[in-house]
Amino acid sequence: MKARSKNTIANLATVLALNTALCSAALAEDIKIGMVVTLSGPPAALGQQIVDGFQLALDQNGGKLGGETVSLIVEDDELKPDVALLKAKSLVERDEVDFVVGTVFSNTLQAIFKPVIQSDTFLISPNAGPSTFAGKNCNPNFFVTSYQNNQNAEVSGLIANEMGFENVVIVVPNYQAGRDNVAGYKQTFKGTVVDEVFTPLGHQDFSSELAKISTSDADALFTFMPGGMGVRLVKQFEASGLDESIKFTSVFTTDETTLPGQQDAAVGFLSAGSWAPDMKTEANLAFVSAFEETYGYVPGSFAAQSYDTANLIASALEKTGGDMGDKDAMRAALEAADFNSVRGSFSFSNNHYPVQDFHLLEVAKREDGKFWTTAKKTIVTDYADSFHSECKM
Amino acid sequence: MMRVDRSFLVMALIFALLLAAPFVLPLVEQTYLLSLLIKAMLLAIAAISLDLLVGHGGMVSLGHAAFVAIGAYAAAIGLESGIENILALLVLAVLVSGLFALVTGALALRTSGVYFLMITLAFGQMAYFTLTSLAPYGGDDGLTLWSMATLFGSDVVQNGGQLYLVILLTLLASWWGVHRLSNARFGRVLRAARDNPGRTEIMGFSIFRYRLTAYVIAGMIAAVSGLLTMQHAEFVSPAMAAWQRSGDLLVIVVLGGLGTRNGALLGALFLVLVEEVLGSIFHEWRLLYGPLLVLMALHAKGGLSDLLFPAHGPETTDATRANGEQI
Amino acid sequence: MSLTLFLIQCLNGLQYGTLLFLIAAGLTLVFGVMGFINLAHGVQYMVGAYLVFAFQQLTGSFVAAVILSMAAALLLGLLLEHFVFRHLYGRDHLAQVLATFGIIIFLNELAKILFGPGTLTIEPPEFLAGSVQLTEQLRYPVYRFVTILAGLIVAVLLYITVTRTRVGMLIRAGATTPDMVSALGINVQKLFMIVFGVGAMLAGFAGVIAAPIFAIEPGMGDNILIIAFVVIIIGGVGSIRGAFLGALMVGLFDTVGRTLLIEGLEVVFPPSVSNQVGPALASMLVYILMAAVLVVRPQGLLPAKGAA
Amino acid sequence: MDVLEIRNLNKRFGAVHVSRNISLSVPDGQCHAVIGPNGAGKTTLIHQISGVLQPDAGEVVLAGRDITASKTWQRAQAGLGRTFQLTSVLPSFSVLENVALAAQAKSGSSFRFFRPAGREADLNEKAMRTLERLKIGDRALVPADDLSHGERRLLELAIALAGAPRLLLLDEPMAGLGRVESAMLIDILADLRRSIPMLLVEHDMDAIFQLADTVSVLVDGRIVAQGAPEDIRNDPAARAAYLGDKGQ
């Protein structure tokens, strides 16, 4: 595999001969995959997992996917839509990549969607799964290998029903994904949502929200606080002593990206997801041990989804013999999803969003002192999102 | 009779290069650079309007990106509601942004100096949070636009058409417009009010009215930049209004040289190209970029404009020179 | 809102307010005395948090880490003053903005490279780890009470320093009539260095005590910087009393006001509307407060330059 | 007819009563001088007339029009020209442009956005004439920042004159000038006062006696004496208050 550094002006100015040399080293017949993920600021941890997961799959196959040599070009979207757009354009216009893999967040996906799709390049999201492109705006060239944003929350609602929660407080950040999670949760939860609290994005101090929760009569809290917000919320939740009276349930709040910060405070907390590192499938055991060995940290769902993405592309390349000329054949090969997912069963719905199992996850401390989530129980099987019927594909 | 000075020549050279780019770059297979130049030009239009406030008017605003975003959103919402003609959208964007500028400007201009900076930040943040709560238009995630504006049905103003040239023309028009305006009666009062507000008031000028007018004009020009940004990105997002964007614009204006003819354009080109070049060398390019800004602040007192044309010494006003030429 | 909840929210507001005060105090002094806009003040807060993390890893003791961090924060402040800020005192505000913006970019990136992009946490020391039972369900961490106390002590110390000591007199004179101070033959350079060092240390201290509550990440100082500016603008630039008043107002507005606003909207509007409008409006609350203060009193509530 | 009339002006700063029932008038073609010790409230009085400060009570009438509530710029438009105790010009503008801008204020709308103002011949000519009248025409193209102190005083006067004022408000125009410069300025003002009435605040007694038709003595915010210069010279109250303060 030839990871190539970015080059633009450098190329034209021909001052940076090194770059040019690297550039010409990427042979014309290579399959080119461009990746747009967030690698700046606190969410960089998520983007890094995606890069590492993909890279692992490449390295395991000697830099090839499905027998084809692949050159991977990684771009940082800085979590800014305009930067993401520019980077995506550079990938499709300058590098003429065959696939764009990205992004971490829905807002940057929105920004790159149209230019990538219109250049007739396949766009595969390893994480962001907004409802926007799941329904009537679904697209033949767009695939999601993670989940649809509402799904985890819907499953959380089912978990709440199963555990007999009657009163739940929801706390989410005030942005689209936060509101999607509220909508998803309310769709399946049969009890009463006693309060919905929207915090600013990047919220620091949850003491005000915790005070509200303590004075409500809730049995459980449901929350979606990715990244640093999740770390702060969990630590402050524990410090306030609420963990003794109220169950903490969440999505993307206590996962392998936040657990190194949360540590013991999160042990026993529940969440919903389609994958956990302790899942005992053969593919998964191999993936997790190889990943930990290579990168020295426990992979999260971001890495797993990215690893799956690489293997999905591999399966399609193998089927088509690496022929990028026939887009329809390639599309059909992708739709078949004929690869061994670390999540077990995996297939695409008509809107190219996944159909998969969802599980109840619980945070645990491993014997080596590291933290991870464990799959306790399967809640739903072959679960498709609720927008696919609006998609005309 | 106008004596041709060096800053005009450089300006002409930059515009000539920008004009040549879409014809030359495809030949060397660097069409991607066009996206980069478009980004720089769009930033430059907004920065030129900000320089009218900061450089000529002495009103340091940290909320200017809000006007860009409001222009873009007004146009996007217009487009979603079925208005397809870009001229109609232009009017819409300029009016909405101008109205926002009129209302917030009237309040903000009660203050001055750093208080003005902060109150404009406050209004910018209000605009930002309002845009994030526009759920029907994508909220925080932003809105992908499926069909773009046309010029009476022609796609000349679209990415597939001649959008690059349209943006270049708009840039030229804003540059020329602000240049003329700053030398006209209006601009002279504005600069006088920047230098010595008390004196200007006692000469008989209501500086509030002039400043407010400048604020509205700047907001309107920024809205044009927003409209074109939408047309280019085919997407709008509240991130356009984030205060960091306003900060970027301010950095561009200061880097380029306050109140100078070419400062805003030079600053925008510099910022975009430096980001790209440094970014292409290594991922941690900010480790170099930060100190570079510090060095610029410490040593390049008149900004890039002054580095390139030091002959003028401390930047005197265009009008002063014009006087000198005439008499 | 029940009375208990209201009181707890007031406590939260007080705690947030005292933290803001620690940051705003340094900012307002540097701004007031030297007329210097130091955008890097927020990043110095971040540096404080990373320092206490690093020193705790190194020494294993929170108290030792706090002391070492303060010393290091002071040192960093003096270094920045010596190499950058000193050369910008006489320059216009925008040059200062540009330079300190560059420093933010540099230090944020450096923190990311040294400590990784992820969120780090640090435990409060054992003897402050407990909590106090406030209501049936809710306990309030001792550590938070300690931060309130620390903030108040610093406020009192600063107030005494500014009003009762020679340095304080010079600081006040500097904030109101800077020319006079230099005319009196005072070593302005040294005064500025002291003020700057103290400011940097206060920001670092705020970062240190915030670290166990808020977690540590690159860029954590950027948003708090904006809020700190809001605080000193509301209070009036250059005034310690103003910074204190502004910090408490913002702290309370952001916690109590937010809760009241959302509950109020729920009474007036149907849930579909209030859920849309409420959070956006709540995020704007402190900005609305600032804009309102400035419209009524363009120089802030307690400006250093006196009433006339 | 009185060009300027001030009736019962009162102003307090907290406990300090800086203007107490001040009444005075400036008739057409005359110069009215206000003298008094430092801190007597002279500048505060000027500020209230020009609109920098609002009086607590009382009226300011300019050419028959009550301007008490008017803003500074409205007063200027109504015909009030003023110079400052500490010279106040536009430092980055050329001398000519300083004056042309003042002329611009009284010559049609300034909401003109396209035509270069620097090339408006009538403004430049008017400005040039004013400068020549004050004998600094040769300095027209120099940045105002580069002028000597005396030249700046003249520039200030030129700015005030270019606005074609009906009344000139002069706040210590002689301050900081040498003997020769003072004498020259007095000549210029003497020349002007018949065409433009003026209210003159001044310490320089030579100037007062050469220029003033009427003198008011201001002490502690109150007018203690008013009359012709010779009368004031002999007025015991004025002498005690004023000359005593000068420490002579």
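View 1. Asp120(A) lies in the loop between α5 and β5 (122-125) of chain A, and has a positive phi of about 60° although it is not a glycine. Helices (H or I, at least four residues) and strands (E, at least two) are DSSP runs, numbered from the N terminus. The model is predicted, with local features needing pLDDT of at least 70 and side-chain atom pairs counting only at pLDDT 80 or more, while totals for chains, interfaces and linings use all residues. Residues are numbered from 1 along each chain as its sequence is written, and chains are lettered from A and ligands numbered from 1 in the order in which they are written.

**View 2. The cis peptide bond from Gly102(A) to Thr103(A).** Omega is near 10° for this bond, and Thr103(A) lies in the loop between β4 (99-102) and α5 (106-118) of chain A. Most residues other than glycine have a negative phi, and most peptide bonds are trans.

View 3. Glu234(B) is found in the loop between α9 (207-233) and β2 (235-236) of chain B, and counts as buried because it has 21 C-beta neighbours inside 10 Å. In chain B, buried residues make up 61% of the 327 residues, and the chain has 14 helices and 2 strands.

**View 4. Helix α5 (residues 113-132) of chain B and helix α11 (residues 271-296) of chain C.** Their axes, which are lines fitted to C-alpha atoms over the stretch in contact, come within 9 Å and cross at roughly 155°, with angles running from 0 to 180 degrees between N-to-C directions. That crossing makes α5(B) roughly antiparallel to α11(C), a term for angles over 145 degrees. Residues in contact have C-beta atoms, placed from the backbone, within 7 Å; those making this contact include Phe123(B) and Met126(B) of α5(B), and Met284(C) and Tyr287(C) of α11(C). The residues of the contact divide into 13 nonpolar, 4 polar and no charged, where Ala, Val, Leu, Ile, Met, Phe, Trp, Tyr, Cys and Pro count as nonpolar, Asp, Glu, Lys and Arg as charged, and the others, Gly among them, as polar.

Notes. Angles under 35 degrees count as roughly parallel, over 145 as roughly antiparallel, 65 to 115 as roughly perpendicular and the rest as oblique. Two residues are in contact if their C-beta atoms, placed from the backbone, lie within 7 Å. A residue is buried if 20 or more other C-beta atoms lie within 10 Å of its own, exposed if 12 or fewer, and partly exposed in between; C-beta atoms are placed from the backbone.
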